[in-house]
Amino acid sequence: MPHLALYTFGVLKSPLADPAPLTREFYESGEAVYRKISQHPGYLARAEAADGDPGMLFGADWGAWGEFAVPTWYGKGRTVETTALAATLSLWTDLRPAFEAVYTGLHREALNRRYDWFERTEHPNYACWWVADGAIPTWRDGVSRLEHLHDHGSAPHAFTFHHSFAPEGTPTNITGIGPRSDQLG
């Protein structure tokens, strides 16, 4: 049975290394959100750097998740001191558990604060797609899907919760799925 891959990407207002209270607050809340999401039913895995340094994204060893990559529109720093982005890549059993994890609990509370931490952009900030059972999506896959979503809108290749597709490529309208907006963060 296919699994759902979910890639999120946001441009922060200030670098992760910035000691300002809002940056620290984002970073600290992010750790709690990740812990909670990893306990959610339907969660399978997420990309984590093998060396465990959360500030090092571009040079980290991501194992099977591949080399870290970002969309072409990201124009800020790429060093530990200058990186101003938040990106996640995760794997889920299905659409509903991923949706529920994103739009409830601690993550929902963080979404309510997103514009305190993130710049507003015209680009989508997440993309979903189906992968074969046993497959591990890569960072490059996530970037490719997000850019495809930006250029072409929701399609079986890359979609949002609001405009989703079943694994076989047909549009799906699961009761209760579909926030008012496709913006996550």
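Predicted model: local features only at pLDDT ≥ 70, side-chain atom pairs only at ≥ 80, totals over all residues.

Trainee: How many helices and strands does the chain have?

Mentor: The chain has five helices and six strands. Read from the N terminus, their order is β-α-β-β-α-α-α-β-α-β-β. The radius of gyration is 16 Å, close to the 16 Å that the globule rule gives for 185 residues, so the chain is as compact as a globular protein of that length. The C-alpha trace spans about 45 × 35 × 30 Å along its principal axes.

Trainee: What share of the residues is buried?

Mentor: A residue counts as buried under 20% relative accessible area and as exposed over 50%. By that cut-off, 45% of the 185 residues are buried. The chain exposes about 9200 Å², and carbon and sulfur atoms supply 53% of that area. As for contacts between residues at least 6 apart in sequence, 74% of them join residues at least 24 apart.

Trainee: Now the strands. Which strands does E1 pair with?

Mentor: E1 (3-11) pairs with E3 in the antiparallel sense over eight bridges. Six bridges join E1 to E4, and these two strands also run antiparallel. Ala5 shows both pairings: its bridge partner in E3 is Leu91, and its bridge partner in E4 is Trp129.

Trainee: Is E1 enclosed or open, and why?

Mentor: Nine of the nine residues of E1 are buried, so the strand is largely enclosed by the rest of the structure. His3, Ala5, Tyr7, Phe9 and Val11 point one way, while Leu4, Leu6, Thr8 and Gly10 point the other way, and all are buried.

Trainee: How many residues of E3 are buried?

Mentor: E3 is mostly covered, with eight of its eight residues buried. Leu85, Ala87, Leu89 and Leu91 point one way from E3, Ala86, Thr88, Ser90 and Trp92 the other way. Besides its pairing with E1, E3 is joined to E2 (residues 43-46) by three bridges, and E2 and E3 run antiparallel. In that pairing Tyr43 stands opposite Trp92.

Trainee: How do I read a helix?

Mentor: An α-helix has 3.6 residues a turn, so residues three or four places apart point the same way. Take H3 (residues 105-112), whose buried residues are His107, Ala110 and Leu111. Seen down the axis of H3, these buried residues fall within an arc of 105°, so they line one face of the helix. Glu109 and Asn112, on the other side of H3, are exposed.

Trainee: Which elements do the buried residues of H3 pack against?

Mentor: They pack against three helices: H1 (21-37), H2 (95-102) and H4 (114-117).

Trainee: What should I look for in a core?

Mentor: In soluble globular proteins, nonpolar side chains tend to be buried together. Here the largest nonpolar core has 54 residues, and those with the most contacts inside it are Tyr7, Phe9, Trp62, Phe68, Leu85, Trp139 and Phe161. The elements that give two or more residues to this core are E1, H1, E3, H2, H3, E4 and H5.

Trainee: Which residues does Phe9 touch?

Mentor: Leaving out residues up to four places away in sequence, Phe9 touches Val70, Pro71, Trp73, Tyr74, Leu85, Ala86, Ala87, Asn125 and Leu146.

Trainee: Can we finish with single residues? Is Ala158 buried or exposed?

Mentor: Ala158 is buried, with a relative accessible area of 0%. Ala158 is found in the loop between H5 and E5. Beyond residues up to four places away in sequence, Ala158 touches Cys128, Arg145, His148, Leu149 and Gly153. The C-alpha atoms of Ala158 and Leu6 are separated by 9.7 Å, although the two residues are 152 residues apart along the chain.

Trainee: And Pro171, buried or exposed?

Mentor: Pro171 counts as exposed, at 64% relative accessibility. Its place is in strand E6 (residues 171-172). Leaving aside neighbours within four places in sequence, Pro171 is in contact with Ser164 and Phe165. Pro171 and Phe159 are twelve residues apart in sequence and 9.9 Å apart in space, C-alpha to C-alpha.

How values were computed: Residues numbered from 1 in each chain as written. Heavy atoms only, no water. Buried < 20%, exposed > 50% of the residue type's maximum accessible area, 1.4 Å probe, protein only. Helix = DSSP H or I, 4+ residues; strand = E, 2+ residues; numbered from the N terminus. Arc of directions from axis to C-beta. Contact = heavy atoms within 4.5 Å. Core = buried A, V, L, I, M, F, W, Y, C linked by side-chain atoms within 4.5 Å. Rg over C-alpha atoms; globule rule 2.2 N^0.38 Å. Areas by Shrake-Rupley, 256 points an atom, 1.4 Å probe, with all protein chains shown as cover. Pairing = 2+ DSSP bridges.
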